[in-house]
Amino acid sequence: MPKTVLITGASRGIGAAAALAFGRQGWQVGVNYLHSKHQAEEVCLAVREAGGSAVPIRADISLPEEAGYLVETALSAFGGLDALVCNAGIALPQMLLTDVTDDQWRALFAADVDGVFYICRAALPHFVRQKAGSIVTLSSMWGQTGGSCEVAYSAAKGAVIAFTKALAKEVGPSHIRVNCVCPGVIQTDMNAHLSPDDLEALRQETPLERLGSPSDVAEAIYFLCSPQSRFVTGQILGVNGGMVI
């Protein structure tokens, strides 16, 4: 029976690339989206063309009831769940902490931290019952090091790292693995606000002398969900071209 993965925020960027990476290996993919229905349907088509199968599922995982609905819908569609990729998230424009509003702070943590909590809490009973499963969270190099004018985002992504390490210890006895991927500068919509000069400066700062692509991160995500990483849990994997060592 094909393996099944649920990927949050999978209609574009890293999430869409991850869906394709799993599809190429014949997995069944739950493609979660919130606003981009057409893009999610296009990702599902690409997954099917790559050799897997996929269904789009709309849900706002920052709300506990919708996170639960998302997991139940994926289980019903595929008859099981082997892996969960917590990719959905948002970022704020670069700004001083004193300029971050209450609403911006709450929205950021709702999407980037609460969503991870709600979707993992919803999926874990299934993983515990089957005594198997892999969870991959997405943080950022700023979650590892902190970034000037990125305080709120750094705090949220740092929380994801701590969450990952603690959960790995908690569910390891149930043979559930939990790992985190921390991308560096990746060419996605989240970095579209950066000017060509800013991107070039970041490229020059990167030891491998290039910016990352969504597929670079997607392959790392797939590895952490695959049998090849069966003895890997609680780890924070930087995919950043050497920007953070």
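Start with helix 3, residues 64-78. Helices here are DSSP runs of H or I, at least four residues, and strands are runs of E, at least two, both numbered from the N terminus. Helix 3 has 15 residues, so at 1.5 Å a residue it should span 21 Å. The expected span is 1.5 Å times one less than the number of residues. The end C-alpha atoms are 22 Å apart, which agrees.

A word on the source. This is a predicted model, where local features need pLDDT of at least 70, side-chain atom pairs count only at pLDDT 80 or more, and totals for chains, interfaces and linings use all residues. Residues are numbered from 1 along each chain as its sequence is written, and side-chain values use heavy atoms, with hydrogens and water left out.

Back to helix 3. Which of its residues are buried? They are A67, L70, V71, A74, L75 and F78. Buried means under 20% relative accessible area, exposed over 50%, partly exposed in between, with a 1.4 Å probe and protein chains only. Down the axis, the buried residues fall within an arc of 125 degrees, so they line one face of helix 3. That arc is taken over the directions from the helix axis to the C-beta atoms. The face turned away carries E65 and S76, which are exposed. On the buried side, the packing partners are strand 1, strand 2, strand 3 and helix 4 (102-130). Contact means heavy atoms within 4.5 Å. After helix 3 comes G79, with a positive phi near 80 degrees.

Two strands pair if DSSP finds at least two bridges between them.

Now strand 4. Strand 1 pairs with strand 4 over 3 bridges, in the parallel sense. There, V5 has A83 as its bridge partner. On to strand 5 (residues 133-138): strand 4 pairs with it over 4 bridges, again parallel. A83 stands opposite S134 there. Both faces of strand 4 are covered, with A83 and V85 buried on one side, L84 and C86 on the other.

C182 stands opposite G238 in strand 7.

Last, the rings. The whole structure holds 5 aromatic pairs. Rings of Phe, Tyr and Trp (its six-membered ring) pair if their centres lie within 6.5 Å; planes under 30 degrees apart are stacked, over 60 edge-to-face, the rest tilted. F22 and W27 are edge-to-face, 4.8 Å centre to centre, with 65 degrees between planes. F22 and Y222 have centres 5.1 Å apart and planes at 75 degrees, so that pair is edge-to-face. This pair links helix 1 to helix 8 (residues 214-225), with the two residues 200 apart. F22 is buried at 0% relative accessible area, and Y222 counts as buried at 15%. W27 is buried too. F22, W27 and Y222 form one aromatic cluster.
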